[in-house]
Amino acid sequence: MTTLSTLLGRSKERSAYTLGRKAWLTLGYLSLMSLPFLATLTLNMEPQGLYATTLTVINTLAMMAFYMQFPLASRLKRIPLFANIDWNISHHKKVGQWLGVIFLLHPLLILAPRFMVSFNDGMHSLISVITAPQMLTGLIAWVCLMIWILTAIFKDALKMRYETWRFSHMLGFVIITILATLHITTVGSHGQFQASFNIIWWALCAASVTMVLYNYFIKPLSLRSQPFKLLDVTQVSRTDWQVTIEKQEASDFTFAAGQFVWLNTSQHSGGVKEHPFSIASCQADLPKISFIIRNLGDYTSKLNTLKVGQNVYVDGPYGSIGLAESAQAKAIVLIAGGAGIGPMLSLLRGLAQQNDPRPIRLIYGNNHLNQMVLQDEIKHLEKTMPNFKQQLVCATATDDDAIYQGVIDTHCLEQTLNALAPRDWTVYLCGPKPMINAVNKSLKSLNIPASHIHYEQLSF
């Protein structure tokens with residue numbers, strides 16, 4: 001999939017605003033995460049020692065961060081704190097890994113004082129915990145959480161269908177949430193003795209499950225009332241397809257260059273049949289919307305089976321990118337690796353529509369020359385735009401000396417960016433994770449400020 005990370009500003013004023021927005025989001029997340037712990041301070045309980053208090057802080061913050069993953073994944077555009085889908089996509093997996101470590105250590109940290117007294121005392125306590133009937137829900141939740149996190153980390157190696165993985169991922173974490181909440185409210189030191197405290201945890205659990213129900217059952221009802229129509233599916237390279245849809249007259253859908261949507265081409269607007277794709281067209285192309293989609297999996301390998309005229313359901317747009325974000329830049333470079341050409345085309349077409357006079361460069365890399373898409377259009381833009389040039393990069397050897405041989409490396413970037421000082425360029429970057437990491441290092445070595453580099457990765 002493709003999604004764009006939150007863009008930083010260009011000028012000092014814009015940077016201050018963006019940093020302020022990120023700071024407010026961080027403050028909002030931390031404030032929500034701290035609510036359960038602050039609630040424990042109101043309970044009439046005996047004072048805890050430093051170690052027990054520290055564990056309470058860690059556990060309540062971690063559990064609240066776990067609950068918060070549900071609204072962050074539910075694409076709630078009308079609630080600013082949870083509309084930050086860019087942040088969630090880029091950080092969801094990392095947050096999940098940290099939560100996995102914390103919850104993995106949870107029973108060990110609870111029993112650590114016993115083992116510090118003596119090993120035998122610790123083992124006795126461990127056996128008592130494992131065999132206690134009231135601990136069953138916690139043990140099941142703990143084991144399931146470890147399995148589900150490992151499944152998410154290694155999902156590519158498991159070669160599961162995307163829909164199968166997504167459904168099992170969602171259902172598994174709903175079950176884990178309910179079991180974990182039951183464990184907290186029946187075994188936790190606060191929940192056992194404070195019924196009013198349990199209301200907080202069950203309310204958070206109910207809200208999390210409600211987010212899942214909303215995303216999979218309620219939101220699809222509104223999408224069903226405004227379907228798009230499939231206009232065309234055309235193979236534009238050895239591995240890529242251009243899919244074009246059209247919005248209906250009643251739809252108020254609009255988007256900014258570089259944004260993405262969740263596309264559902266099945267017969268039903270709900271369920272787990274939707275897939276995220278970046279928009280390749282520009283706003284001037286409306287009511288038509290096009291996507292460049294590479295054959296990378298079970299769903300994308302069957303794009304040629306779609307029927308022209310069928311309904312297509314669109315949830316979006318999402319993503320915070322916009323051409324206004326580079327308004328202060330003196331030059332723009334668009335870097336696309338493989339399937340990452342989609343959002344770069346959207347930006348390029350938007351710039352062409354504005355007849356932007358600044359130096360604009362497209363660096364477009366693929367493994368093979370016959371994977372380069374829409375070259376006739378791009379070459380036409382080279383002739384009609386005031387200052388636009390494309391640099392093709394091919395990993396395999398070609399007979400064309402104008403094509404850079406190899407990968408998008410520092411030398412390739414230097415050749416493209418030598419017209420202006422590095423600080424004057426705004427860079428947009430999209431492609432596979434290894435390519436993103438390598439190009440980011442090269443851009444850093446060329447002294448391009450991190451705040452001028454905006455990227456998305458082709459993964460979720």
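Modeller: Let's begin with a helix pair: the axes of α2 and α8 come within 7 Å of each other and cross at roughly 25 degrees. (Axes are lines fitted to C-alpha atoms, for helices over the stretch in contact, and angles run from 0 to 180 degrees between N-to-C directions; helices are DSSP runs of H or I with at least four residues, strands are E runs with at least two, and both are numbered from the N terminus.) Keep in mind that this is a predicted model, where local features need pLDDT of at least 70, side-chain atom pairs count only at pLDDT 80 or more, and totals for chains, interfaces and linings use all residues. Residues are numbered from 1 along each chain as its sequence is written, and side-chain values use heavy atoms, with hydrogens and water left out.

Biologist: Are α2 and α8 roughly parallel or antiparallel to each other?

Modeller: Their axes cross at roughly 25 degrees. Angles under 35 degrees count as roughly parallel, over 145 as roughly antiparallel, 65 to 115 as roughly perpendicular and the rest as oblique. So α2 and α8 are roughly parallel.

Biologist: Which residues of α8 does α2 meet, and how many of the residues in the contact are nonpolar?

Modeller: From α2 come Thr60, Met63, Met64, Tyr67, Phe70 and Pro71, and they meet Trp201, Leu204, Cys205, Ser208, Met211 and Val212 of α8. Contact here means heavy atoms within 4.5 Å. As for classes, Ala, Val, Leu, Ile, Met, Phe, Trp, Tyr, Cys and Pro count as nonpolar, Asp, Glu, Lys and Arg as charged, and the others, Gly among them, as polar. For α2 with α8 that gives 2 polar residues, no charged ones, and a nonpolar count of 10.

Biologist: What separates the C-alpha atoms of Met211 and Pro71?

Modeller: Pro71 is among the residues that Met211 contacts. The two are 140 residues apart along the chain, and their C-alpha atoms are separated by 5.8 Å.

Biologist: How is α2 oriented against α7: roughly parallel or roughly antiparallel?

Modeller: Helix α2 (residues 50-72) and helix α7 (residues 162-187) have axes that come within 12 Å and cross at roughly 150 degrees. That angle is why α2 counts, relative to α7, as roughly antiparallel.

Biologist: Which residues of α7 make that contact?

Modeller: On the α2 side there are Met63, Phe66, Tyr67 and Phe70. By class, the contact of α2 with α7 has 9 nonpolar, 2 polar and no charged residues. The α7 partners are Phe173, Val174, Ile176, Thr177, Ala180, Thr181 and Ile184.

Biologist: Moving to the strands, is Ser290 buried or exposed?

Modeller: Ser290 lies in strand β5, residues 288-294. Not counting residues up to four places away in sequence, Ser290 touches Gln242, Val243, Thr244, Ile279, Ala280, Ser281 and Arg349. Since Ser290 has 7% relative accessibility, the answer is buried.

Biologist: Is Asn447 buried or exposed?

Modeller: Asn447 is in the loop between α12 (433-445) and β12 (453-457). Although not a glycine, Asn447 has a positive phi of about 65 degrees. With 58% relative accessibility, Asn447 is therefore exposed.

Biologist: To finish, how many helices and strands are there in the protein chain, and what share of its residues is buried?

Modeller: The protein chain has 12 helices and 12 strands. Of its 460 residues, the buried share is 50%.

Terms used
Buried < 20%, exposed > 50% of the residue type's maximum accessible area, 1.4 Å probe, protein only.
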